[in-house]
Amino acid sequence: MIQDEGISTITSTPLQFFTMMPLSPKLGSPYLWLRELKSEERGLYLIHLLLTCANHVAVGSLDSANLALDHISHLASADGDTMQRIAAYFAEALADRILKTWPGLYKAFNSTKIPMVSEEILVKKLFFEMFPFLKVAFVLTNQAIVEAMEGEKMIHIIDLNGNETAQWLALMQVLSARPEGPPHLRITGVHPQKEILDQMAPRLTEVAEQLDIPFQFNSVISRLEDLDIEKLRVKTGEALAINSVLQLHTLLGSDEVLQKPSSSAKSANVVQYSRYSLSELLDKDLVNGSSPSPDSVSSSALSQANATKINRFLDGLWSLTPKVMVVTEQDCNHNGSTLMERLLEALHTYAAIFDCLESNMSRTSQERLKLEKMLFGEEIKNIIACEGIERKERHEKHDKWCQRFDIAGFRHVSLSYYGMLQAQSLLQGYGCDGYRMKEENGCVMICWQDRPLFTVSAWRCCNRMNIETAFSL
């Protein structure tokens, strides 16, 4: 459900009034009523325009898509209410997808862009500070590691996204208080940017010295998809823990190339939705007839290319025989087989996330604007505008990850009750009752209202012969 102070009831309001209005290339006096719409009505119409535009983009009707984007531009705003802000970023993503159909033009527009490491550090820090999601994940992860490493004298932690020291500083405090004394701790951080790892090492080393913990930090400069497992240098006698925070979904991409839809698809595959309410539009499966993305996967099975890449990586992690592997991932289906499927699911997810910010921050907050633009806006653009190997934000539901881990030789370990109490206490102290946490089969789901957004789960290695026997029965 899309929630906002002005559109809290839009899921029960029909769209017939708007869908009967044809898009016109002229926004003259007959369309001045657009600007006089109430917030709720405006939110409904923006949803209608986004779905209309996405349908046209999916089948290659670019003139019609351009007209829809023009209408959206008169209503959307990056500093407006929740629906206006969401519409602005989804419209930008759809426009970016259109632009990619002219590769030369797209490359020319983006040829002078320079990625700034300082911006990445800033946006990650903002996400950590403004939301409790990572804090809860860190509390649960650290408790799972502490319990798995009880009595161990040499601990090695592999951090598959080495960019946040807060988690490990908290863990050091706990390890330093062990009755038998602190263990020898080694942390290996994996990240594609050397500058980020270089900032982690001195801070962790400084605190380890203050706590009298024997410590070593190893940097592995690599993208996850290119990671050489041998470079992790796991030593005999070390008790190993693996930590992955919002990383594994990036390995689900395929190498297929974006192609334009055929002319027959243009006439056959447009989604018809004018008779549905917004609730039905966002909750009902209306994407069965829409044009599939070029790198689409079967709804009943992962594509062979994607499965091979992620399975190969999980095989490598299994070969290291970790005592525990803790995984935090988005609990959303943004890896659907069609553009419309991804757009509908992403609207749900980012409506909830933007609603979090609406409940806690001013609309004019510069930190909020930066976070929405630099993090969530870029995620939306990647989900909507990119295909093939470029599309990294392939978030999937927890049950799919469970299937992958089972096949790779991992077995689920329930997160401890004590860890959940700590995490629940953190949420309750956050000053906003919209954040919730629920346990499901030993896994923790972190929610906004009743919508799960992130999951935290723990896994251990098991004998693969037992798996093969189980699957053969």
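Trainee: Which residues in α3 meet which residues in α4?
Mentor: This is a predicted model, to begin with. L62, A65, L69 and I72 in α3 meet A87, A91, L94, A95 and I98 in α4. By class, that contact has nine nonpolar, no polar and no charged residues.

Trainee: What makes α3 and α4 roughly antiparallel?
Mentor: Look at the angle. The axes of α3 (residues 62–73) and α4 (residues 82–99) cross at roughly 155°. Angles over 145 degrees count as roughly antiparallel. Therefore α3 and α4 are roughly antiparallel to each other. Their axes come within 11 Å, and the crossing is left-handed.

Trainee: Why is strand β4 called mostly covered?
Mentor: Buried means under 20% relative accessible area. In β4 (residues 239–245), seven of its seven residues are buried.

Trainee: Which way do the residues of β4 point?
Mentor: A239, A241, N243 and V245 point one way, and L240, I242 and S244 the other way. In a regular strand the side chains alternate between the two faces of the sheet.

Trainee: How do you know that β4 pairs with β1?
Mentor: Two strands pair if there are at least two bridges between them. Five bridges join β1 (residues 154–159) to β4, and the two run parallel. One partner pair is I158 with I242 in β4.

Trainee: What makes β4 and β5 a pair?
Mentor: The cut-off again is at least two bridges. β4 and β5 (residues 324–330) have five, in the parallel sense. There, A241 stands opposite V324 in β5.

Conventions:
Residues are numbered from 1 along each chain as its sequence is written. This is a predicted model: local features need pLDDT of at least 70, side-chain atom pairs count only at pLDDT 80 or more; totals for chains, interfaces and linings use all residues. Side-chain values use heavy atoms; hydrogens and water are left out. Buried means under 20% relative accessible area, exposed over 50%, partly exposed in between (1.4 Å probe, protein chains only). Helices (H or I, at least four residues) and strands (E, at least two) are DSSP runs, numbered from the N terminus. Axes are lines fitted to C-alpha atoms, for helices over the stretch in contact, and angles run from 0 to 180 degrees between N-to-C directions. Angles under 35 degrees count as roughly parallel, over 145 as roughly antiparallel, 65 to 115 as roughly perpendicular and the rest as oblique. A crossing is left-handed if the near helix is turned anticlockwise from the far one by less than a right angle, and right-handed if clockwise. Contact means heavy atoms within 4.5 Å. Ala, Val, Leu, Ile, Met, Phe, Trp, Tyr, Cys and Pro count as nonpolar, Asp, Glu, Lys and Arg as charged, and the others, Gly among them, as polar.
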